[in-house]
Amino acid sequence: MNNDILQRYIFDNADVRGEIVQLERCYQEVLSAHSYPVALQRLIGELMAATSLLTATIKFTGDISVQLQGDGPVSLAVINGNNKQVLRGVARCNGDIATDASLQQMFGKGYMVITLTPDDGERYQGIVSLDHVNLAACLEEYFNQSEQLPTQIQLFANGKQAAGMLLQVLPTKSEQNDDFEHISTLTSTIKAQELFTLDAEEVLHRLYHQEEVRLFDPVDVTFKCSCSYERSGAAIKTLPQAEVEAILAEEGKIDMDCEYCTAKYSFDAIDIAALYSGSHSSQSKQ
């Protein structure tokens, strides 16, 4: 089966909707550019699955960022996505992390920032502390604060595969959550290995074989870095020209490294002159 897909589903006999995401190749592509400790590899997988699930809940064209920050050995972990299910991510780690390190052991006193940036409209940002038992619980608290809709999230990752499920009450006039509580109890029995090895249809049958569930067509989830020679050049132009020329005189060139995919972009004197004159110049990743 294709292990980089997200699928939505809905219950015909309950005001509840769900999503299931399964990742492998794009998860490996994010990890391949860096040497992360085992615990951080798993967290990045959970973050990727979470960002994919959150992206599927937004009803606009634009971007989403799920960022964890703290004062522990891991100072930053962030996954960026968009409405087309394109993900990229990076983390910063300074220090040793145990294989079974908890969220708090990695980040210390930290918080999660979720930023929604529509192409048209105002930017929205929500902040939740990282004092919950795991990432899924932090995200459930985010939904409780921001949308006040009962939400359950399951996240799994093992360094090779990542997966997740989101269950949420549909906004209706009914105040009865009995259906959600029942379906949530069923969903909580899901095992990581089931999400890693079974397709969505089989997973839903195992969980909800007595329910009426409609599964929608899969959407591909991909990794793609948005870095480019042009963007790197634009970043250089934000610096004073005299400062750029001083670096160039000392180093002979200016190298720009992408933190996400580790691509390298090099600018020599001719390239810098073209940048400030407005002449077009283009290079590929090195």
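Of the contacts in the chain between residues at least 6 apart in sequence, 61% join residues at least 24 apart. Contact here means heavy atoms within 4.5 Å. The structure is a predicted model, in which local features need pLDDT of at least 70, side-chain atom pairs count only at pLDDT 80 or more, and totals for chains, interfaces and linings use all residues. Residues are numbered from 1 along each chain as its sequence is written, and side-chain values use heavy atoms, with hydrogens and water left out.

The chain has 10 helices and 14 strands. These elements are DSSP runs numbered from the N terminus: helices are H or I runs of at least four residues, and strands are E runs of at least two. Taken along the principal axes, a box of roughly 70 × 40 × 35 Å holds the C-alpha atoms of the chain. Of the 286 residues, 48% are buried. Buried means under 20% relative accessible area, exposed means over 50%, and partly exposed lies in between, with a 1.4 Å probe and protein chains only.

An open sheet is built from six strands in the order β7-β6-β3-β4-β5-β12, with mixed pairing. Two strands pair if DSSP finds at least two bridges between them. The edges are β7 (124–129) and β12 (222–223). Each has a single partner strand, so one side of each is left without a neighbour in the sheet. Strands of a sheet pair through backbone hydrogen bonds, either parallel or antiparallel. Strands β3 (residues 62–70) and β4 (residues 74–82) are antiparallel and share seven bridges. Within this pair, S65 has N80 of β4 as its bridge partner. Strands β6 and β7 also run antiparallel, joined by six bridges. Here Y111 is bridged to S129 in β7. The two strands form a hairpin with five residues between them. G121, in the turn, has a positive phi of about 125°.

Helix α4 (residues 135–146) lies across β3, β6 and β7, at about 130° to β7. Axes are lines fitted to C-alpha atoms, for helices over the stretch in contact, and angles run from 0 to 180 degrees between N-to-C directions.

T55 belongs to helix α2. T55 is buried, at 3% relative accessibility. Beyond residues up to four places away in sequence, T55 touches I64, N82, N83 and Q85. Q85 sits in the loop between β4 and β5 and is likewise buried, with a relative accessible area of 3%. Most residues other than glycine have a negative phi, and most peptide bonds are trans. Q85 has a positive phi of about 60° although it is not a glycine.

D100 lies in the loop between β5 and α3 (103–107). D100 is exposed, with a relative accessible area of 64%. Its contacts, not counting residues up to four places away in sequence, are R42 and Q105. The C-alpha atoms of D100 and V38 are 8.3 Å apart, although 62 residues separate the two in sequence.

F223 is part of the edge strand β12. Its C-alpha atom is separated by 4.9 Å from that of C26, 197 residues apart along the chain. Leaving aside neighbours within four places in sequence, F223 is in contact with C26, E29, V30, L87, R88 and C261.

C26 is buried, with a relative accessible area of 1%. C138 is also buried, at 0%. A disulfide is a covalent bond between the sulfur atoms of two cysteines. With a disulfide taken as a pair of cysteine sulfur atoms within 2.5 Å, the count comes to zero. For C138, the closest cysteine sulfur is that of C93, 18 Å away and too far for a bond.

Two packed helices are described by the angle between their axes and the distance between the axes. Helix α8 (residues 229–237) packs with helix α10 (residues 269–277) at about 75°, with axes 10 Å apart. The two are therefore roughly perpendicular, a class that covers 65 to 115 degrees; under 35 counts as roughly parallel, over 145 as roughly antiparallel and the rest as oblique. Helix α8 contributes Y229, G233, I236 and K237 to the contact, and α10 contributes D271, I272, L275 and Y276. These residues divide into five nonpolar, one polar and two charged. Ala, Val, Leu, Ile, Met, Phe, Trp, Tyr, Cys and Pro count as nonpolar, Asp, Glu, Lys and Arg as charged, and the others, Gly among them, as polar.
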